[in-house]
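Here's a model to dig into. Take a close look at one part of it, please.

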Amino acid sequence: MDAIVSSYITAFLLGLFSTVHCIAMCGSVIGALTLSLPADVRESQRRMLPFVFNYNVGRVLSYGVAGLIVGLLSVPLTQLNAHWFLRILSVIVMISMGLYLAGWFPKFARAERIGAPIWRLLQPMGQKLLPVKSYSQAFFLGMVWGWLPCGLVYAALAVAATAGDPVKGGLVMLAFGAGTLPAVMGAGLFTGMLAALARNKQLRQFAGVLIILMAIATLFWPMDAMHAHHSSTQVSSLSTEQQGA
């Protein structure tokens, strides 16, 4: 399996397996946003669905922007053949996230402080969009909401960094966002029921172990073909020089 395809699958499964974290972390947020809608909209799931959908489209697109930025920043490291370092770093972050989700590594929550400065800048913009009365407001509020400090998002960004390319990094984060959609969309429509599931200790541990196993599995996936081609080109050039000598 091509490494970049593996990254897309990893990111999607990371979002999917972390359902309980999404509900606990983002469920309360989208629940509050839902409550900000007009009463006649809240009383009808059919009328509320487009608002919840636009929240999530904005949120997922903000993940894509973050992935593009991380992919761009990781380019110098991949050019220095440090792709293995990014791979190991992503595995460490994912394992830490899995342990945190299972309740075995609560200190990982401190990693969420990394994004706090950005969130302090963006939060006032989100507050100005409340109460939500239009689909466009819901979309832009989702774009702001996507930058809420979250260890799960940082774990996905670590995977995006291994892409070594801004476009691929953005696509990795879009895949991650797609994996979170079932949980967060559901939280917007069935907040109470899903919140109870998110508090289930055994379910959180199961999800955490799945993420840890997935992180370990990524160590055995091949490096990106781009890097393999770069290495083979170097070897060919060296052989040519030796023959010329």
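Q: Let's zoom in on Phe-108: buried or exposed, and what is its relative accessible area?

A: Phe-108 is buried, with a relative accessible area of 9%; buried means under 20%, exposed over 50% and partly exposed in between, using a 1.4 Å probe and protein chains only. Before going on: this is a predicted model, so local features need pLDDT of at least 70 and side-chain atom pairs count only at pLDDT 80 or more, while totals for chains, interfaces and linings use all residues. Residues are numbered from 1 along each chain as its sequence is written, and side-chain values use heavy atoms, with hydrogens and water left out.

Now the rings. The structure holds six aromatic pairs (Phe, Tyr or Trp rings, the six-membered one for Trp, with centres within 6.5 Å; planes under 30 degrees apart are stacked, over 60 edge-to-face, the rest tilted). Phe-108 pairs with Tyr-100 at 5.9 Å centre to centre and 50 degrees between the planes, which is tilted, and both residues are buried. Phe-108 also pairs with Phe-105: the centres are 6.3 Å apart and the planes sit at 40 degrees, so that pair is tilted as well. Phe-105 is partly exposed, at 30% relative accessible area. Together, ring pairs link Tyr-100, Phe-105 and Phe-108 into a cluster.

Another ring worth a glance is Trp-145: the charged end of Arg-59 sits over it, 5.5 Å from the ring centre (the rule is Lys NZ or Arg CZ within 6 Å of the centre and within 35 degrees of the ring normal).

Next, the nonpolar cores, meaning sets of buried Ala, Val, Leu, Ile, Met, Phe, Trp, Tyr and Cys joined through side-chain atoms within 4.5 Å. The largest has 30 residues, and Leu-14, Val-153, Met-173 and Phe-176 have the most contacts inside it. A second, separate core of 18 residues includes Val-41, Val-52, Leu-122 and Leu-148.

Sequence neighbours within four places aside, Val-153 is in contact (heavy atoms within 4.5 Å) with Tyr-63, Met-173 and Phe-176. Helix 8 also holds Val-159, which is buried at 4%. Val-159 and Gly-169 are 10 residues apart in sequence and 8.2 Å apart in space, C-alpha to C-alpha.

Key
Helix = DSSP H or I, 4+ residues; strand = E, 2+ residues; numbered from the N terminus.
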